[in-house]
Every structure is written in C-alpha cells, then in structure tokens.
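Hello,

Here is the structure you will be working with. Please look through it first, then read the notes below.

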Amino acid sequence: MYRFLLTPRWWGINVFAVLAIPLCLFMGSWQLSRFEGRVQDHQQQESRSARAKAAAARPLESLLPVDTVTSGRQASARGHYDAGHQLLVPDRTLKDKRGERQGFYVLDLLRTDGGKALPVVRGWLPGDAASKADTAKVPAPPKGEVTVTGALQASENQGTDGVQAGGGLPQGQLGMISAASLVNIVPYPVHDAWITQTDPQAPLHAVPPAAAEGSGLDLKAFQNLGYTGEWFVFAGFVVFMWFRLFRRDAEAAKDLALGIVPEGDEGAAGGGAGAASAGGSAGSEPESDRAEGSGAGRGEERAAEQGEAARAGQV
C-alpha cells in the first residue's frame, strides 16, 4: 500500500524533508547560541563596569585600543585643554534618578604630551545647544596643565544612540564623537577614543559610560531570539506538510486497493464507453444502406429483362 513512497515524486519529497529539517534545527540552535552569547557578554560587561568604577585609573596609552575589555575602564591623561575648539554635542539624553532628560554634551580636546588630542566629555547640561541662554551656563575649561580622569569609550558610529551623522549642524556643534568627525575640525591628530569625565565641575552633570558595542541586550540580540523561533517553526512546518501529503496519498492507495474509484475516474471511464458505443452504431449504418442499395439495383435489372422477353413473344 505504501509503494507510492518509491515513486520519483516521493523520492524528491523525502530528500527535501531529510535535508531541510536538520538544517532548520541547526540554524535555530545557532541563532539561540548567538542570543545566549550576547546575554553572557552583557552580564560580563556589567560586571567589568562595576569593577572599573572601583578600580584605580590607568594611563590612557595602556588601555588603547578600546575593545570590549577596556571599554568603561578608568583612564587618566595629562595635558592642557584647547579652549579655542570647545564643542557642543546636541540632542543627548541623560538617564538619572529624575528620569530621561534632553540636553547636550560639553566636549573639549585635551592636548596630551604624546602629541595626539583626547576628546573629553566634561559633562552634560539640560537644554538646547542652539539656545544662547542654555549655552551661557557652560563653564570654561580649566587653564594650564591638568590631569583628567574618566571612563574610556570607543568612538561613536552611525548606529550609536543620539548620533547625528547627517551633518548640517551649526558651527561649534558636533553630531558624532569620533576621530573621523574631528579630523576636519581641528588641525592636529586625535585619538580614536574619548573619555567621559568622572567628576565634572558644576553645573555639569557626569555622563555615565555606555556599554561596549555588541555586548549589550540591544535590538540585534532580540533579533537573534526572533530568528531562533522562525527556524524552529520552519522545521515544524516541513514535518506537518510531509505528514499531510503522506496521509493523502496513503488514503488514495487504500481506496484503490478496495476498488473504490474516484468520481472523476468513473466519469472518464463512462464517457469512453459511450463514445465507443456511438462509434460502433455510426459505423453500422452505412453498411445497411449499402446493402439495401445493391438489392434495389438487382430488382430493377430483372424487371427490365422480363419486359423485353414479353415484347419479343408478342412479335
């Protein structure tokens, strides 16, 4: 009854199912492992951030380049501020006990002894960076040589929250804190990193360090979780469709074994028989006509011969 499984059609269906189901399960497991890895990285980053706040600051050069391990560590650098290139970073949100508040960062460049400048976010102020009343509250950077301590951060990119990568900002404002954004603003090289100052001067508020990119529970992490569910659903769908096709063909094979012919097949058989009968009838009619025609012709010939013999006798 199950010989239909050996047909070429079912060979293709079986091969597809055997390959598709393990593939879907493998991809779902892989996406789940990616999500679990991101959760683990997030937990490790939080643990490192907690230890970094309590740890002593280390020299900036010993923590570069910034990665997931050094991001958030306390770094120290010595130099003097470039008061002529103070910049404001607009539309930045600060989350604290009061909730989320909109404002701007105050960024200055520290000219270090090594030659490169270090972007330093001295703090955050509420308000609008384009308002003279709000920017008037910005304190001037300290003069002379200073030692700055803060949490080390990697350069921002277009995916960072609050970044304005499109440009078009007024002079004195910066949309993205990165060496690439500063290279056309200042005439000296800049470190591919920045620090957020731990103890800013009043009225500035300290900017908390952000988690390293790819180490938090961001949208990508939950996308991995969603993909996990999708792949497992695909595997279940393949099993469902295989079973549905198998049951349909098995029922059809069982009906044929019991002599039950589907209605469509019976109609086709009946139509074929009717056509054959009609064809036979149509073929017999010309033969009878031909027979009757030949008999009538012979009767006329005999009548003509008898008429000629009678006339001959009278003469």
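Accessible areas come from the Shrake-Rupley method with a 1.4 Å probe, and for residues only the protein chains shown count as cover. By this method the accessible surface of the chain comes to about 19400 Å², and 58% of that belongs to carbon and sulfur atoms.

This is a predicted model, in which local features need pLDDT of at least 70 and side-chain atom pairs count only at pLDDT 80 or more, while totals for chains, interfaces and linings use all residues. Residues are numbered from 1 along each chain as its sequence is written, and side-chain values use heavy atoms, with hydrogens and water left out.

Confidence: pLDDT is the predictor's confidence in each residue, from 0 to 100. Its mean over the chain is 81, and 79% of the residues reach 70 or more. Where pLDDT is low, the predicted coordinates should not be read in detail.

Overall layout: the chain has five helices and seven strands. Helices (H or I, at least four residues) and strands (E, at least two) are DSSP runs, numbered from the N terminus. Along the sequence the pattern is α-β-β-β-β-β-α-β-α-β-α-α. Of the 315 residues, 30% are buried, where buried means under 20% relative accessible area, exposed over 50%, and partly exposed in between (1.4 Å probe, protein chains only).

Cores: a nonpolar core is a set of buried Ala, Val, Leu, Ile, Met, Phe, Trp, Tyr and Cys residues joined through side-chain atoms within 4.5 Å. The largest has 17 residues, and Val89, Tyr105, Leu107, Leu109, Val121, Ile177 and Leu182 touch the most other members. Strands S3 (87-96), S4 (99-112) and S5 (117-126) each supply at least two residues of this core. Apart from it lies another core of 14 residues, including Leu63, Ala75, Tyr81 and Leu118. Leaving aside neighbours within four places in sequence, Leu182 is in contact with Leu87, Leu109, Pro119, Leu174 and Val190.

Val18 is in helix H1 (residues 8-54) and counts as exposed because its relative accessibility is 57%.

Regards

How values were computed:
Contact = heavy atoms within 4.5 Å.
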